[in-house]
Amino acid sequence: MSQRAPRKDQVRNRRRLLDVARQAFAEHGPELSIEAVARAAGVGATTFYRHFPTKDDLVLQLLEDLTGGAREIAEEAAAVPDDWEAFRTVFVRGCALDEDGLRLFDALCRTSSQAAERGRLIATSLIAPVVDRARDSGRLRQGVTAGDVAALMRMADSASTPRQREIAHEVMLAGLRVPPA
């Protein structure tokens, strides 16, 4: 038996809740109550709970939504034939969020241990394929993990200016790459 597609108003309410929650959490922090999110979205608490049984469910969906751009970059990198260039693509462009998006992602990851784990898993799943490729081809230093690369990417992306980010990326990439023989 096939499941019916959600009604248009259900889809619209879910999207509205996610959009409002993203904005509200960005402005007021993730401590904001779900009642306040529901009120700001113009729906009742019952409608909120129908879409998101817990606040954690909402946070987890927001984390997924925030990583859409990074997923596109990871897919683009997967099609790059050169292992190092695929790695470089993800390393330099993988944090596709702007500063506000990065702050929100970090804040949401701190709302619960489940959210922290989901954030870590999302980042690792997007980075691991190119890390494995580059390491297996001998271009990336042995022992470097996807978690290490994720941490380095975040450090580089926290630089104050685009020029400082570019320098941080280049210095880190030079340190990660196995020198040619």
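You are looking at a predicted model, where local features need pLDDT of at least 70 and side-chain atom pairs count only at pLDDT 80 or more, while totals for chains, interfaces and linings use all residues. Residues are numbered from 1 along each chain as its sequence is written, and side-chain values use heavy atoms, with hydrogens and water left out.

**Salt bridges across the chain**

- The structure contains 13 salt bridges, each defined as a side-chain nitrogen of Lys or Arg within 4 Å of a carboxyl oxygen of Asp or Glu.
- Helices here are DSSP runs of H or I with at least four residues, numbered from the N terminus.
- Aspartate 82 is partly exposed too, at 31% relative accessibility.
- Another salt bridge joins aspartate 65 to arginine 15, again at 3.2 Å from N to O.
- That pair connects distant parts of the chain, with aspartate 65 in helix 4 (residues 55-66) and arginine 15 in helix 1 (residues 8-28), 50 residues apart.
- Aspartate 65 is partly exposed at 27% relative accessibility, and arginine 15 is partly exposed at 40%.
- Aspartate 83 and arginine 133 form a salt bridge whose closest N and O atoms are 2.9 Å apart.
- Here the link runs from aspartate 83 in helix 6 to arginine 133 in helix 8, 50 residues apart.
- Salt bridges with shared partners join Arg15, Asp19 and Asp65 into one network.

**A look at helix 8**

- The 24 residues of helix 8 should span 34 Å at 1.5 Å a residue, and the 32 Å between its end C-alpha atoms agrees; the expected span is 1.5 Å times one less than the number of residues.
- Helix 8 has a kink of about 40° at isoleucine 127, shortly before proline 129; the bend is the angle between axes fitted to the seven residues ending at a residue and the seven starting there.
- Buried residues of helix 8 include Ala115, Gly119, Ile122 and Leu126.
- Among the elements covering the buried residues of helix 8 are helix 4, helix 7 (99-109) and helix 9, where contact means heavy atoms within 4.5 Å.
- Just past helix 8, glycine 138 adopts a positive phi of about 80°.

Note on methods:
Helices (H or I, at least four residues) and strands (E, at least two) are DSSP runs, numbered from the N terminus. Buried means under 20% relative accessible area, exposed over 50%, partly exposed in between (1.4 Å probe, protein chains only).
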